[in-house]
Amino acid sequence: MLKKGVISKALLLAVLLLVLASGLAIPTCRPAQGIPRGWSGVSITDEALFLGSMQGKLVAIDKSSRQRLWPDVPFEKKQSGGFGCAQGSGSVAIYGTPAATSELVYLTGYNGKIYAVNVETGALRWVYPREDELDPIVGGPVVAGGRVYFGSSDGKLYALDATTGDRLWIFESEGKIWGTPAVNGETLYIGSFDKKLYALNVADGSLKWQFQMEGAVVATPLVYDDTVYSGSFDRYLYALNEADGSLRWKYQAGNWFWSLPLADDGVIYAASVDGKVHALKAESGEKVAVFDLESPISSSPVLADGSIIVAVEAGQVYSLNINPRQKKPLVNLEDEIYAPLAVSDGVIYIHSADDVLYAVDARSGATLWSLELESE
Amino acid sequence: MIGEIWNLIILSPMINVLIVVSGALFNNFGLAILVLTIIVRGVTIPLTLRQLRSTKAMQELQPKMTELQKKYGKDKQKLAQEQMRMYKESGVNPAGCLLPMLVQMPIWIALFQSIIRVLAVIPEDFLKLSGHLYASWPQVFSLVPLNSHFLWLDLAVPDKYLLLPILVGGSMWLQQKMVTPKTGDPKQQAQSQMMLWVMPLMFAFITLQFPSGLALYWVLSNVISIALQYFITGGWGGLTAQAATKPAGADKKYLKRLTTAEGKEPDYAATEADIGADVGADIAEVTPKEGAGPGRYQPGLRAMKRHPKKSKHPKRR
């Protein structure tokens with residue numbers, strides 16, 4: 001029948017369009033959202049590189065031989081069942097860069113757990129919390145003075161005993177914490193989605209001061225020359241007095257600050273998601289130079305051989321200088337880059353969004369080696 | 001390229017407007033979604049009205065459809081031609097019923113993409129939000145990420161209490177039921193019943209997997225549809241057992257042509273009665289409203305007067 005045919009076809013088309021457009025060819029057992037993959041950076045010790053792969057594994061690589069120190073350590077999360085979906089487990093996204101000491105490597109997972117793994121063997125020493133899970137952890141851990149610190153999406157900053165994993169104290173903010181804390185002496189600095197930067201006593205988590213911004217804070221603060229530099233989603237980079245949190249100056253960029261700023265020779269280098277690296281006088285905030293790299297920057301830059309090495313999301317890596325002013329393309333990895341960069345002995349380590357670890361010469365830009373983490 | 005156009009024309013404006021509206025409504029993203037729903041349904045109201053008229057006309061043409069099937073049942077080609085002619089002359093476009101839904105589909109997709117970005121669910125999605133914010137609207141930078149809590153819901157994830165899937169499915173069933181035409185054809189009846197259940201169940205199932213912010217849009221949108229249908233078509237339609245079918249003005253044009261082709265003078269009342277009688281039990285159950293004037297079906301009585309031998313319900317004489 002004409003009417004039946006037309007309506008049936010139109011309805012079928014509508015349903016098909018809906019399903020296809022939603023990216024759900026077949027109803028699945030997971031919520032229709034993006035898949036968290038992670039963007040762990042590389043932690044470097046004298047002999048080894050540690051990073052979290054996008055398969056949810058802690059990878060340990062010998063720096064000289066490029067061989068695995070031990071088999072990758074997998075971390076799994078529980079997946080809830082219901083509605084005909086069986087309970088199961090899946091890999092954990094790892095966003096934070098691991099923190100390595102001579103004895104243990106600490107790794108935070110998007111499943112809301114922090115793990116401590118033996119550096120020599122890869123054996124799990126402890127996990128916190130032992131039973132349940134916290135809300136997703138996006139920032140990385142920081143180890144200092146026998147304590148490990150990290151923030152969670154539950155808005156809390158946790159301090160644990162680095163050896164045993166026992167909880168020492170908690171500080172509660174009013175928004176999610178996605179950033180990695182910074183520790184300088186007896187003070188810990190952490191930003192929150194509640195638009196505040198907090199300065200806490202590392203001994204007990206008590207509040208030293210707090211600074212109210214106009215936007216959420218994800219970027220790890222930089223402490224340099226008695227000043228705390230912290231970028232916010234309100235597009236400002238704030239320079240605050242380390243002693244009392246009073247404002248020294250602020251500078252506006254074109255978009256969010258997501259990555260950790262750098263300091264060198266009295267100049268602050270702050271990369272923004274606006275695709276520019278802003279070089280400012282540390283003392284006054286006066287603009288020294290702005291390098292337009294034409295792609296958002298969420299990866300934290302590093303300093304190598306007197307140059308600022310920056311990777312943009314589109315995959316291009318640049319070497320920047322202000323004296324003489326120079327913007328030199330080092331290499332184009334043709335792969336998206338979100339993970340913070342790491343440097344050691346003139347070699348830049350870059351973990352790409354395709355889960356490949358690249359070693360790039362900081363001077364020449366030559367790719368010394370690359371390792372596909374997934375295939376191992 | 002298509003992605004850039006999509007972002008420029010649909011996604012970025014929606015994200016920025018949702019953020020600003022949310023800020024104006026006490027940082028309540030749920031209220032912003034409800035306002036968006038009202039805006040979208042308001043903008044598409046001409047399409048909705050057209051759809052409702054089409055639906056109503058289709059319901060009214062149902063008896064004539066059955067008549068045609070009886071008349072040309074064996075000649076499929078002729079039947080198709082006559083049906084097409086009937087739709088054309090009555091100004092009905094069967095596919096037009098779906099236009100409002102199709103128009104809203106890009107809105108659903110954009111709303112889904114907006115939700116996963118502005119609520120900071122997955123870091124990768126949230127980071128992409130920065131590229132959508134309007135540099136000239138400083139307040140949007142201060143407002144993100146938005147608060148995901150609304151009533152009992154976390155708008156970023158499916159409703160764990162299952163209330164929202166029930167509301168989505170239930171409201172869609174109600175809306176569909178109101179516009180499902182009554183028919184005497186068992187096949188058509190079965191198909192109508194299938195469609196009546198398939199779409200609500202499918203949307204309820206999808207609601208189990210999508211962020212509840214999207215389902216919030218669907219629920220309010222369905223409620224708006226139900227209200228419009230009630231006030232514009234004048235009642236609960238297919239929900240009530242005694243749904244009256246009266247011929248639209250356009251039908252008379254068709255009836256005139258039909259009878260003229262048969263070499264008779266048009267006699268609307270009699271022709272309507274013929275149809276009423278031949279439709280059989282289903283239409284015979286339709287009770288004319290009290291005080292129904294000319295033009296309303298009074299199937300049993302008129303059919304007996306004109307074609308007593310054709311009546312299939314001798315007991316009703």
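Predicted model: local features only at pLDDT ≥ 70, side-chain atom pairs only at ≥ 80, totals over all residues.

Biologist: Aromatics then. How many aromatic pairs are there over all chains?
Modeller: The count comes to 33 aromatic pairs. One of them is A:Tyr236 with A:Tyr238, a tilted pair at 6.0 Å centre to centre, with 50 degrees between the planes.

Biologist: Is A:Tyr238 buried or exposed?
Modeller: A:Tyr238 is buried, at a relative accessible area of 3%.

Biologist: Which aromatic cluster does B:Phe126 belong to?
Modeller: One that includes A:Trp39, A:Tyr95, A:Trp178, A:Trp256 and A:Trp258 as well as B:Phe126.

Biologist: What about charges over rings? Which ring does A:Arg235 sit over?
Modeller: The charged end of A:Arg235 is over the ring of B:Phe141, 4.0 Å from the ring centre. Back at A:Tyr236, the charged end of A:Lys250 sits over that ring, 4.4 Å from its centre.

Biologist: OK, switching to strands. Why do you call β29 of chain A largely enclosed?
Modeller: Because six of the seven residues in strand β29 (residues 316–322) of chain A are buried. By the cut-off used here, buried means under 20% relative accessible area.

Biologist: Which strands does β29(A) pair with?
Modeller: Strand β28 (residues 307–311) of chain A runs antiparallel to β29(A), with four bridges joining them. Strand β30 (residues 325–332) of chain A also pairs with β29(A) in the antiparallel sense, over seven bridges.

Biologist: What sits opposite what?
Modeller: A:Val310 has A:Tyr318 as its bridge partner in β29(A). With β30(A), A:Leu320 stands opposite A:Lys327.

Biologist: And the turns? How many residues lie between β28(A) and β29(A)?
Modeller: Four residues lie between those strands in the hairpin, and A:Gly315 in the turn has a positive phi of about 110 degrees. The hairpin from β29(A) to β30(A) goes through two residues.

Biologist: Where else is there a glycine with a positive phi?
Modeller: A:Gly285 has one near 85 degrees, in the hairpin of β25(A) and β26(A), with five residues between the strands. β25 (residues 276–281) and β26 (residues 287–292) of chain A pair antiparallel over five bridges, and A:Lys276 stands opposite A:Asp292.

Biologist: What's the strand order in the open sheet of four strands?
Modeller: The order is β1-β2-β3-β4 in chain A, with antiparallel pairing. The edge strands are β1 (42–44) and β4 (73–74), which each pair on one side only.

Biologist: Last one: which residues make up the nonpolar surface patch?
Modeller: B:Leu151, B:Trp152, B:Tyr161, B:Leu163 and B:Leu167, with about 530 Å² of accessible area together. B:Leu163 belongs to helix α8 (residues 163–179) of chain B and is partly exposed, at 39% relative accessible area.

Notes
Residues numbered from 1 in each chain as written. Chains lettered and ligands numbered in written order. Heavy atoms only, no water. Patch = residues over 30% accessible without salt bridge, like charges linked within 9 Å, V, L, I, M, F, W, Y side chains within 5 Å. Areas by Shrake-Rupley, 256 points an atom, 1.4 Å probe, with all protein chains shown as cover. Salt bridge = Lys/Arg side-chain N within 4 Å of Asp/Glu carboxyl O. Buried < 20%, exposed > 50% of the residue type's maximum accessible area, 1.4 Å probe, protein only. Phe/Tyr/Trp six-rings, centres within 6.5 Å; stacked < 30°, edge-to-face > 60°. Lys NZ or Arg CZ within 6 Å of the ring centre and 35° of its normal. Pairing = 2+ DSSP bridges.
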